[in-house]
Amino acid sequence: MTGVAPVCAAAVCAGAAAWLVGGREQSLRRAMLMLAGGEPTTSGPSWGRLLNTARARVRREWVCLVVGALVAVVGESVLPLAAGAAAVPLAARWLRARKRARERAWRAGEVIALCGAVAGELRAGLQPGQALRRVVRGFAPGAGGLGSAEGAVMSAARFGGDVPEALLQSAREPGAEGLVGMAACWRVSVDGGAGLASGLDRLEAALRAERDQREELRAQLAGARSTALVLALLPVAGLLIGTALGAGPLWVLLHTPAGLGCLMAGGLLEGLGVFWAGRIVRAGEDA
């Protein structure tokens, strides 16, 4: 126990240092926004601001290291600490994938809203370029599904440039693939004289139906995800029950050869099971 405590204390200190370093970049961004007039400055302490700052500084993947340190202290072994440290990059990768998925879904919704808003402005009597500029200005900066190419689209719409090509560049952003259809509608309306508003209406309806289909499929796969999560947590529940009964499962797993063998085999099978379940769910989503 005395040999493990300093190691765990060092791990906690390393996690605190990473927490402070991660928060430094966030603080610099906030300072730049304040100097640019992006956020109002307030004087005096505010619990809301302190809580938001703490949340911004916390890196959720470091929870794995904290949990590993706690299990290492309880089990009097360095192995849980090493496992927690190894799980940090995996958790960070999983969190980044979830963030990209949320951004993709959000951008797809913004493209649908963009098509409907531009069609409405066209029916109000505006020219295509004027309608596009007004709608994009109405969105928040960087929104509207245009991503990093928003400036190029605005310039093309304002100065008579190649708007379809600018939309195709914006369609490279994940989730903004619907802008390819908008570029096609724009090109057909300019070259062939077809109604852009009616084309955007049909495009909006198609994109909305596709989004509803994805959401329905995601809802149907929620049961499979929940089942996989419950099965993955069953070994943890078994360890907690064994500890509550006084059987000492952590000591057996971490300090005996048979327990170490069972731990390695169980961890390998657990990882394979989670990977296979995730692959099945992803295959259903892709289909």
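Reply: Arg 208 and Glu 204 form a salt bridge, with their closest N and O atoms 2.7 Å apart. A salt bridge is a side-chain nitrogen of Lys or Arg within 4 Å of a carboxyl oxygen of Asp or Glu. This is a predicted model, in which local features need pLDDT of at least 70 and side-chain atom pairs count only at pLDDT 80 or more, while totals for chains, interfaces and linings use all residues. Residues are numbered from 1 along each chain as its sequence is written, and side-chain values use heavy atoms, with hydrogens and water left out.

Me: In which helix do Arg 208 and Glu 204 both lie?

Reply: Helices are DSSP runs (H or I, at least four residues), numbered from the N terminus. Arg 208 and Glu 204 are four residues apart, about one turn of the helix, and the helix that holds both is α9.

Me: Is Glu 204 buried or exposed?

Reply: Buried means under 20% relative accessible area, exposed over 50%, and partly exposed in between (1.4 Å probe, protein chains only). Glu 204 has a relative accessibility of 17%, so Glu 204 counts as buried.

Me: How many residues apart are Glu 177 and Arg 104?

Reply: Glu 177 and Arg 104 form a salt bridge, their closest N and O atoms being 3.3 Å apart. The pair links distant parts of the chain: Glu 177 is in the loop between α7 and α8, Arg 104 is in helix α4, and the separation is 73 residues.

Me: Why does Arg 98 count as partly exposed?

Reply: Arg 98 lies in helix α4, residues 79-123. Together with Arg 60, Lys 99 and Arg 102, Arg 98 gathers in a surface patch of positive charge; such patches are made of residues with over 30% relative accessible area and no salt bridge, like charges being joined within 9 Å and nonpolar side chains (Val, Leu, Ile, Met, Phe, Trp, Tyr) within 5 Å. Arg 98 counts as partly exposed because its relative accessibility is 41%.

Note on methods: Accessible areas come from the Shrake-Rupley method with a 1.4 Å probe; for residues, only the protein chains shown count as cover. Lys and Arg count as positive and Asp and Glu as negative; His and the chain ends are not counted. The place of a charge is taken as NZ of Lys, CZ of Arg, CG of Asp or CD of Glu. Helices (H or I, at least four residues) and strands (E, at least two) are DSSP runs, numbered from the N terminus.
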